[in-house]
Amino acid sequence: MPPAPETVEVEFIAPRHLAGGGDPAWITIPLHRACGWSHGKDPLMPRVLLSSPDQKALLRLELEPDGQWWTLHHAAEPDRPAWYASFGALTPVELIAAATDALTDPAPPTGASSDPYEPLQQVGWSPASADNGLVSPDGTAYVQRLGSVEEPGAWFVTATLGPDRPVWQARFGAHTPARLVAAFTAALADPKPVLRMDSGRSLPTRDPNVVTRRTTDVLAVYVAGALEERVHSLAARHATPPASPNPSRQPLAKNSRSR
């Protein structure tokens, strides 16, 4: 009798902005393997540096105890000054990946809205007390753009568990392409839970009134293959003629239980 397929215990966590940072490889591996970003050869340093093929963009992942762990710098271009984006340690990798995927898309969609507020308004985010901001229905996330209509400033996205309990913050410089910020907020607004395997260490709160955790045994082969499917899907965007991405496979759950 053949052995039973190996399974691993995972958790699906919502809201996704309170799920913890996740695996950095979800961002770094596709940038390198699917998008041609290069990395240095410095194994003695606890950091990752990735540069785009045209050398205009640099992504740094560095374990800063009191700062932003992820920083993306982009050089000036004829139609746009230099810009940056940065993300705190507990910013979910799925949200950061939405922005880097938009940056590396060789054929950005035309006609789509680039208003970062629009995906949030569509899922019930409401005006915050401060000017020009939106807050999530549960009050644990906040998006604001500084400046004015005449001189718009930087974007700030903050996850929080109260006035004195910030969880993470994402910052987009004033000249960051709006479609990248909109990709980030669309991922933030997505109600689907995200998968985590180390939530015991990374969750900012385990309060069941704030975070929903569904524990499930999943076939190990599907968990291991998720990153490969992501790499193949992104690489297909650069194919000529355009290739269809691999269909997304949902992990086969053996059983699940909510916490």
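A: One term to begin with: contact means heavy atoms within 4.5 Å. This is a predicted model, in which local features need pLDDT of at least 70 and side-chain atom pairs count only at pLDDT 80 or more, while totals for chains, interfaces and linings use all residues. Residues are numbered from 1 along each chain as its sequence is written, and side-chain values use heavy atoms, with hydrogens and water left out.

Q: Okay, what is Ser-52 in contact with?
A: Leaving aside its neighbours within four places in sequence, Ser-52 is in contact with Trp-37 and Ala-57.

Q: And where is Ser-52 found?
A: Ser-52 is found in the loop between strand S3 (47-51) and strand S4 (57-62); helices (H or I, at least four residues) and strands (E, at least two) are DSSP runs, numbered from the N terminus.

Q: Does Ser-52 count as buried or exposed, and why?
A: Ser-52 counts as buried because its relative accessibility is 5%, where buried means under 20% relative accessible area, exposed over 50% and partly exposed in between (1.4 Å probe, protein chains only).

Q: Switching to the sheet, in what order do the strands come?
A: Ten strands form an open sheet with antiparallel pairing, in the order S2-S3-S4-S5-S6-S11-S10-S9-S8-S7, and two strands pair if DSSP finds at least two bridges between them. The edge strands, each pairing on one side only, are strand S2 (38-39) and strand S7 (126-127).

Q: How many bridges join S4 to S5?
A: Five bridges join S4 to strand S5 (residues 70-74), and the two run antiparallel. Leu-58, for instance, has His-73 in S5 as its bridge partner.

Q: Now the helices: how do H1 and H6 cross?
A: The axes of helix H1 (residues 25-33) and helix H6 (residues 220-236) come within 9 Å and cross at roughly 40°. Axes are lines fitted to C-alpha atoms, for helices over the stretch in contact, and angles run from 0 to 180 degrees between N-to-C directions. H1 and H6 are therefore oblique to each other, since angles under 35 degrees count as roughly parallel, over 145 as roughly antiparallel, 65 to 115 as roughly perpendicular and the rest as oblique.

Q: Which residues of H1 are buried, and what covers them?
A: In H1, Ala-25, Ile-27, Thr-28, Pro-30 and Leu-31 are buried, and what covers the buried residues of H1 includes S3, S4, S5, H2 and H6.
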